[in-house]
Amino acid sequence: MKNILTFFAGLLCAATVQAQTIVPYIPEEEMPDVVQIVPAPPADPSPDFDHDILRYMWGKQQRKDPARLEMAVRDAVWSLDTTLVILGEPFGLEISREKTPAIYEVLTRGVTTIEVIRFKPKAHYFRIRPFAYFQEPSIFPQDDEWLSGEGSYPSGHTIRAWACALLMAQINPLSAEAVFHRAWLSGESRVISGCHWQSDVDASRPVAGIGYSRLQTSLEFRQDMARAQEEFHRLTCCRCSK
């Protein structure tokens, strides 16, 4: 387990340093303010918060499964390229700037457009993260200090994965079941890591959907999406004919 954590923690640090500058389709200030839309996180104490605590305990049990822990660690890498690799497996294509330029363009710009809507609720509620609440380390103790400086509600990782799944399903509808299933597991990984409450993750999926709906109003996005769909059909048809 220690080798897994060390390896993926290195990827996490590298991804943070090498973050790309991606131009969104819609400026952040023109995206919906989800503070005005989604409810506040559960109060402490409340029955809903009791459920969050139970799920935190469930997550700690899941860490005993080496395969599930490895998935949670991989899902925690804050790199859009890593997300594309993870979800690219059920999507059906290896996605990269070189091999699938149109798909890569619409996914990276689309996800970047959607995921910025996390900033306002994170700052507004500034919810304490589970590992900090229980004064226990997450599966990334070396990152706990800076994670504690950012609100827990909603989950940025879950928004990113769900937004990517929404866009991939638009490109390749036949992959929808597999892609959304993997994105769902990615959200559960955040509970297993101890970095998010279950209610953080639950709120993140509709939040991603809100951003996705707003994204559809961009003419530039719709044009890029059409090119991505054409590229997907061309590449998969060529592959099937060989």
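Both Phe91 and Phe232 are buried, meaning under 20% relative accessible area, against over 50% for exposed and in between for partly exposed (1.4 Å probe, protein chains only). The model is predicted: local features need pLDDT of at least 70, side-chain atom pairs count only at pLDDT 80 or more, and totals for chains, interfaces and linings use all residues. Residues are numbered from 1 along each chain as its sequence is written, and side-chain values use heavy atoms, with hydrogens and water left out.

**Aromatic pairs**

- Rings of Phe, Tyr and Trp (its six-membered ring) pair if their centres lie within 6.5 Å; planes under 30 degrees apart count as stacked, over 60 as edge-to-face and the rest as tilted.
- By this rule there are 12 aromatic pairs.
- Phe91 and Phe232 make a tilted pair, 5.3 Å centre to centre with 50° between the planes.
- This pair links distant parts of the chain: Phe91 is in helix 4 (residues 80-91) and Phe232 in helix 12 (residues 219-241), 141 residues apart.
- Helices are DSSP runs (H or I, at least four residues), numbered from the N terminus.
- Tyr125 and Tyr153 have ring centres 5.5 Å apart and planes at 85°, so their pair is edge-to-face.
- Tyr125 lies in helix 6 (residues 119-125) and Tyr153 in the loop between helix 8 (144-147) and helix 9 (156-171), so the pair ties together parts 28 residues apart in sequence.
- Tyr125 is partly exposed at 21% relative accessibility, whereas Tyr153 is buried at 3%.
- A cluster of Phe49, Tyr56, Tyr133, Phe134 and Trp197 is linked by ring pairs.

**Charges over rings**

- A charge sits over a ring if NZ of Lys or CZ of Arg is within 6 Å of the ring centre and within 35 degrees of the ring normal.
- Arg55 places its charged end over the ring of Trp58, 3.9 Å from the centre.

**Helix 3**

- Helix 3 (residues 66-75) has as its buried residues Arg68, Leu69, Ala72, Val73 and Asp75.
- They cover an arc of only 165° around the axis, which puts them on the same side of helix 3; the arc is that of the directions from the helix axis to the C-beta atoms.
- Pro66 and Ala67 are exposed on the other side of helix 3.

**Glu115**

- Glu115 lies in helix 5 (residues 101-115) and counts as buried at 7% relative accessibility.
- Leaving aside neighbours within four places in sequence, Glu115 is in contact (heavy atoms within 4.5 Å) with Trp78, Ile159 and Arg160.

Methods
Helices (H or I, at least four residues) and strands (E, at least two) are DSSP runs, numbered from the N terminus.
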